[in-house]
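Have the picture open beside you as you read.

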Amino acid sequence: MEYYRKFIYILIIVIITSNSRGIDFKTKVLPMLEKKCMSCHREPYKTNFGRTKKPKGNLILNTPEGIKKGDNGKAIVANNPSGSSIYRRVTLEKNHDRFMPPQGKEDPLTEKELKDLENWIKKGADTGDWKGKTFKNTVPKSVKP
Ligand code: HEC
């Protein structure tokens, strides 16, 4: 009986922790990225006029791989907000020419968004099972021979 009780406790803990993976990302960080960054930082896409638009600064923020590889791996450095260029860019002086999002394009991050981003990076920058946000006019990745 005792054995089963322990087993159940462990099972419950495993379920709770596995479900919480990436929860901060999905509820607190992702909505901000979608609203304030992805218009410029997303996989190549075709405009209505047939032009192909590339991600600005070669940084893709609509896929987990893009976030991790961006800026030669320095876009997000787990546990290290000040080493992560995404965090540095959003915390510059607002009139700095590298400030993100660029002035006049999207609203700067709110205090809460900054804190949530910082905490998420500090806790390891886990994106959980997030597969990325797909846009319907994304240009398919060319198939390598
Ligand atoms: C209106 C378009 C636009 C939006 C919106 C925007 N960016 Fe940018 N971003 C750029 C451009 C253009 C560059 C390249 C020029 C430069 O480095 O400043 C860039 C560069 C960057 C870089 C440097 C990439 C590298 O490899 O050097 C980071 C990091 C970045 N952006 C983060 C963000 C974040 C985080 C957001 C949302 C909070 C955001 N950007 C929103 C246009 C945008």
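Begin at isoleucine 121, which, apart from its neighbours within four places in sequence, is in contact with Ile76, Ala78, Asn80, Pro81, Ser84 and Tyr87. Here, two residues are in contact if their C-beta atoms, placed from the backbone, lie within 7 Å. Before we go on, please keep in mind that this is a predicted model, in which local features need pLDDT of at least 70, side-chain atom pairs count only at pLDDT 80 or more, and totals for chains, interfaces and linings use all residues. Residues are numbered from 1 along each chain as its sequence is written.

A residue is buried if 20 or more other C-beta atoms lie within 10 Å of its own, exposed if 12 or fewer, and partly exposed in between. Across the 145 residues of the protein chain, 18% are buried.

Now look at a residue of the other kind. Lysine 112 sits in helix H5, and it counts as exposed because it has 10 C-beta neighbours inside 10 Å.

Next, find the ligand. It is surrounded by 22 residues, and the closest are Cys37, Cys40, Gly57, Asp71 and Met100; a residue is near the ligand if its C-beta atom, placed from the backbone, lies within 6 Å of it. Helix H3 (64-73) and helix H4 (85-90) each give at least two residues to this shell, and H4 gives the most, with four. By type, the shell has nine nonpolar, six polar and seven charged residues. In this count Ala, Val, Leu, Ile, Met, Phe, Trp, Tyr, Cys and Pro are nonpolar, Asp, Glu, Lys and Arg are charged, and the others, Gly among them, are polar.

Finally, step back to the whole chain. From the N terminus on, its elements run α-α-β-β-α-α-α, with helices (H or I, at least four residues) and strands (E, at least two) being DSSP runs numbered from the N terminus. The radius of gyration, taken over C-alpha atoms, is 19 Å, well over the 15 Å that the globule rule gives for 145 residues, so the protein chain is more spread out than a compact globule. That rule is 2.2 Å times the number of residues to the power 0.38.
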